[in-house]
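Welcome! Let's take a friendly walk through this structure, one feature at a time.

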Amino acid sequence: MATRNTWRTWRAGVFLAALTPLVVWGWQVANNAAGPEPGRYLLLNIGTGALWMLLLTLSLTPLTRLTRWKGFTLIRRQLGLWTLAYATLHMLSYALFILGLDWAMLGSELVKRPYIIVGMLALIGLAVLGATSNRWSMRRLGKRWKTLHRLAYPILGLVLLHFLWVVRADLGEWVMYAAIAALVMATRLPPVARTLPRIRYRLAGT
Ligand code: HEM
């Protein structure tokens, strides 16, 4: 039987696991171990990290249905906020290392690289979800809270479009993320969602 301390340790472990890549990348940049373009290195790694965080967050509900393990539900908000933190740091690395904080350049950048607009929309969506992820918003919004938080799926679509626009020719990595996203999204379809507890019973019976 898991105690309150077990869950606290689990949450702290997840926190450390989410923080570690940022510390490692920061350390690499500080020690000239991040290649010839450290700013771009941070931008791309943190962007990919944000996508991983989003995919992990969205996997938690199907994993709970499949296993009934409470631990997955307990870290849902935490991972959602980590997604927002990574996405914000990704945007900040763009502003700092690519734009050089030259905001006058932003207009021409948006014309040259429209995928940035798509990324911005995704980030705004994540910020709305992060701001309403607390108990107070849940109580205030009632049933509408769930509907609002389903926005995570169109946001995932926007992120994949943003990524696709960036990679264009080299599709291999993108296809892998798109396949994972398709799998996660498929688990929300009612017939598939109904099957998950049945798989659990079948596995428990074997
Ligand atoms: C204001 C918002 C955003 C801006 C300005 C932005 C900007 C960028 C830029 C400039 C690139 C790299 C393009 C290049 O190769 O030169 C990029 C790549 C990427 N971004 Fe964003 N982005 C934003 C939001 C997001 C969000 C919200 C996510 C995910 C949750 C995300 C995930 C990615 C991914 C996965 C890549 C590709 C990384 C790779 O090629 O390894 N971005 N973004």
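**Charges and turns**

A search of the whole structure, which is a predicted model, turns up two salt bridges. Side chains of opposite charge can pair when their charged atoms come close. In one of these pairs, the side chains of Lys-112 and Glu-109 meet at 3.6 Å, N to O. Lys-112 and Glu-109 are three residues apart in helix 5, so about one helical turn separates them. The side chain of Arg-113 also forms a salt bridge with Glu-109, at 3.3 Å, N to O.

Lys-112, with a relative accessible area of 60%, is exposed, while Arg-113 is partly exposed at 26%.

Next, look for a positive surface patch, which is formed by Arg-65, Arg-76, Lys-146, Arg-150 and Arg-188. Arg-188 belongs to the loop between helix 10 (172–186) and helix 11 (190–205). With 36% relative accessibility, Arg-188 counts as partly exposed.

In the loop between helix 1 (4–30) and helix 2 (38–67) you will find Asn-32. Its phi is near 55 degrees, a positive value in a residue other than glycine. Asn-32 counts as exposed, because its relative accessibility is 73%. Leu-101, in the loop between helix 4 (76–98) and helix 5 (106–112), has a positive phi too, near 60 degrees. At 46% relative accessibility, Leu-101 is partly exposed.

Note on methods:
Residues are numbered from 1 along each chain as its sequence is written. This is a predicted model: local features need pLDDT of at least 70, side-chain atom pairs count only at pLDDT 80 or more; totals for chains, interfaces and linings use all residues. Side-chain values use heavy atoms; hydrogens and water are left out. Patches are made of residues with over 30% relative accessible area and no salt bridge: like charges are joined within 9 Å, nonpolar side chains (Val, Leu, Ile, Met, Phe, Trp, Tyr) within 5 Å. Accessible areas come from the Shrake-Rupley method with a 1.4 Å probe; for residues, only the protein chains shown count as cover. A salt bridge is a side-chain nitrogen of Lys or Arg within 4 Å of a carboxyl oxygen of Asp or Glu. Lys and Arg count as positive and Asp and Glu as negative; His and the chain ends are not counted. The place of a charge is taken as NZ of Lys, CZ of Arg, CG of Asp or CD of Glu. Helices (H or I, at least four residues) and strands (E, at least two) are DSSP runs, numbered from the N terminus. Buried means under 20% relative accessible area, exposed over 50%, partly exposed in between (1.4 Å probe, protein chains only).
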